[in-house]
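Hi,

Here is the structure I said I'd send over. Have a look at it first, then read on for what I found.

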2 protein chains.
Amino acid sequence: MRRILLATHGEFAAGILNSAEIIIGKSEQVQALCAFTDPTKDFQKQVQTIIEEIQPGDELVVVTDILGGSVNNEFMRYLDHEGLHLISGLNLPLLIELILSTEPDTEKLIEELLEQMPKQIQYCNRIEFEEIPEEF
Amino acid sequence: MRRILLATHGEFAAGILNSAEIIIGKSEQVQALCAFTDPTKDFQKQVQTIIEEIQPGDELVVVTDILGGSVNNEFMRYLDHEGLHLISGLNLPLLIELILSTEPDTEKLIEELLEQMPKQIQYCNRIEFEEIPEEF
């Protein structure tokens, strides 16, 4: 089974999940981890528990807010853990494609999605109207 | 004056602003528009008001959630309005750089930031440790 975890400083993860749900509906495979919002929770322990709960044969795609940030750095420590895939730079086109894709090979899926990013993150004043994809 | 408006379906805009504030502190120049969260508000009118409030000589950088989505499409209608810059594909490294940059030329700034995006949105399982920027 492939699951997706959005992990960010503050409320970003919950916010973008709300946005995705408005566009494509709820998805059971996605969860949000809003780090540093509850001072009673130890973020390092939260991450450790998440990693330990990856079952053999399962895959967890963690998408974090920013490369070099505390959240991404914490997951970087577990990159050799079987089944963990880590992406930095969470954004909505990436999330929606991750949820909707039927590609079974997770590595191939992530590589293909990242190749498409320059088409999604655009200076709209510079693009021609025929380049714009269908409306969501 | 240059201002930044984050405009998204649902709570994404407010969420990522909260995330940026945790990392770099509050910024008076940034606002969040969470579309379709209040059924009493007409989104088209909200956008029209935002555009009309751009003062001569001022610049508004609108960063939306997804190219081809309802939010981005609504702002696309005003691309010929003086002072409006529209970017799709909101993400945290882009937002932080937009806030912190001292580059006075907004067009140049946006073009440079978008060029940097492939370094920020990465499959971390594939990168070497020396490529990772300093911690936030």
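A quick definition before we start: two residues are in contact when they have heavy atoms within 4.5 Å of each other. Also keep in mind that this is a predicted model.

Let's begin with helix 2 of chain A, residues 43-52. Its buried residues are A:F43, A:V47, A:I50 and A:I51. What do the buried residues of helix 2 of chain A pack against? They meet strand 1 (2-9), strand 2 (30-35), strand 3 (59-64), helix 3 (70-76) and strand 4 (84-88) of chain A. On the face turned away from the buried side you'll find the exposed residues A:K45 and A:E52. And at the start of helix 2 of chain A, a side-chain oxygen of A:D42 comes to within 2.9 Å of the backbone nitrogen of A:Q44.

Most residues other than glycine have a negative phi. A:F36 is not a glycine, yet its phi is positive, about 65°. You'll spot A:F36 in the loop between strand 2 and helix 2 of chain A, and at 43% relative accessibility it counts as partly exposed. In chain B, B:F36 also has a positive phi of about 65°, and B:F36 is partly exposed with a relative accessible area of 44%.

Cheers

Definitions and conventions:
Residues numbered from 1 in each chain as written. Chains lettered and ligands numbered in written order. Predicted model: local features only at pLDDT ≥ 70, side-chain atom pairs only at ≥ 80, totals over all residues. Heavy atoms only, no water. Buried < 20%, exposed > 50% of the residue type's maximum accessible area, 1.4 Å probe, protein only. Helix = DSSP H or I, 4+ residues; strand = E, 2+ residues; numbered from the N terminus. Polar contact = N/O pair within 3.5 Å; in protein donor to acceptor, adjacent residues only side chain to side chain.
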